Amino acid sequence: MMPSLVPSSTVEAAVRFRRATRRFRPDPIQDGILERALELANWAPSGWNLQPTHFVVVRSPEQKRRLRAAVLGQKQVEEAPATVVFLGDLEAVRTHFEEVLRMDREAGANSADYEALLRKLVPLTFAAGPLGLGGLAKHLGVAAYGLFRPAPALSCLPAARRLWTARQVMLSAMTFMLAAASFGLDTGPMEGFDARRVREVVSAPRRMLPVVIVAVGTRAAEPKLTKTRLPLERKLHREQFTP
Ligand SMILES: Cc1cc2nc3c(=O)[nH]c(=O)nc-3n(C[C@H](O)[C@H](O)[C@H](O)COP(=O)(O)O)c2cc1C
């Protein structure tokens, strides 16, 4: 191995410590640690700083039992002392945009010019209009424009909105898993679930998209927690994609 020029950091240690954990010990999580990991996850970046991620922490035996059924019986949900359901608000523009603009303005994070630009671009990107027709028209318009000039991806059609939302939520979930690892906690992410039933279990409205569910606690001695990765060289491309 090449000698490292940069001292290894907490981030590197957390990345190496984290393994998808499927068997947990019943030990409780030390007070305050889960909240610290969630506080760090809340600092994950999001497009336009719209912050669509919501976190539902499930700890009670009754809720764990119901959630386990919705995650297709995966037992880590009942074994782990806590499980976090990561939801994405599909209407984050409506629910957060003005408030985030105000907070960023008061904090001096955005110049007046940048705020004016956001006020133009964010509705243009997301607004779908009555029955989604405005969104469809915009989508077609941008597709036509894109034949001649570089055009942005819009998030005004339902599938594109879900993709946009899932992207943001995954950044929060990954930040959470690394934060938890840095505190010595294990996590197990799950995408194998019935989204409608998950929403019902946590009483979330329809606009909340369940994106990923993460069990948290201390790993039990599993038969094998080591994992492999394809060599980086197979996936690393320099300047151009090389097949
Ligand atoms: C988005 C996502 C969804 C996953 N869903 C499940 C799941 O439903 N059940 C499960 O047992 N593992 C799940 N995993 C764990 C992966 O199988 C695991 O991360 C992968 O095998 C790599 O192992 P490692 O995380 O230990 O490096 C999921 C991982 C990710 C990132």
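**Exercise 1. Find which residues of α1 meet which residues of α8, then give the angle between the helices.**

Solution. Start with the contacts: Thr10, Val11, Ala14, Val15 and Phe17 in α1 meet Leu178, Ala181 and Ser182 in α8. Contact here requires C-beta atoms, placed from the backbone, within 7 Å. Helices (H or I, at least four residues) and strands (E, at least two) are DSSP runs, numbered from the N terminus.

Next, sort the contact residues: six are nonpolar, two polar and none charged. Ala, Val, Leu, Ile, Met, Phe, Trp, Tyr, Cys and Pro count as nonpolar, Asp, Glu, Lys and Arg as charged, and the others, Gly among them, as polar.

Now the geometry. The axes of α1 (residues 10-17) and α8 come within 8 Å and cross at roughly 100 degrees. Axes are lines fitted to C-alpha atoms, for helices over the stretch in contact, and angles run from 0 to 180 degrees between N-to-C directions. The two helices are therefore roughly perpendicular, a label for angles of 65 to 115 degrees.

Two notes on the model. Residues are numbered from 1 along each chain as its sequence is written. The model is predicted: local features need pLDDT of at least 70, side-chain atom pairs count only at pLDDT 80 or more, and totals for chains, interfaces and linings use all residues.

**Exercise 2. Describe how α5 packs with α6.**

Solution. Helix α5 (residues 92-107) and helix α6 (residues 112-126) pack at about 170 degrees, their axes 12 Å apart. That makes α5 roughly antiparallel to α6, the label for angles over 145 degrees. Val93, Phe97, Leu101 and Arg105 in α5 meet Glu115, Leu118, Val122 and Phe126 in α6. Six of these residues are nonpolar, none polar and two charged.

**Exercise 3. Decide whether Arg94 is buried or exposed.**

Solution. Arg94 is found in α5. Arg94 has 12 C-beta neighbours inside 10 Å, so it counts as exposed. The cut-offs: buried means 20 or more other C-beta atoms within 10 Å of a residue's own, exposed 12 or fewer, partly exposed in between, with C-beta atoms placed from the backbone.

**Exercise 4. Locate the largest nonpolar core.**

Solution. A nonpolar core is a set of buried Ala, Val, Leu, Ile, Met, Phe, Trp, Tyr and Cys residues joined through C-beta atoms within 7 Å. The largest has 37 residues.

Definitions and conventions
Parallel < 35°, antiparallel > 145°, perpendicular 65-115°, else oblique. Contact = placed C-beta atoms within 7 Å.
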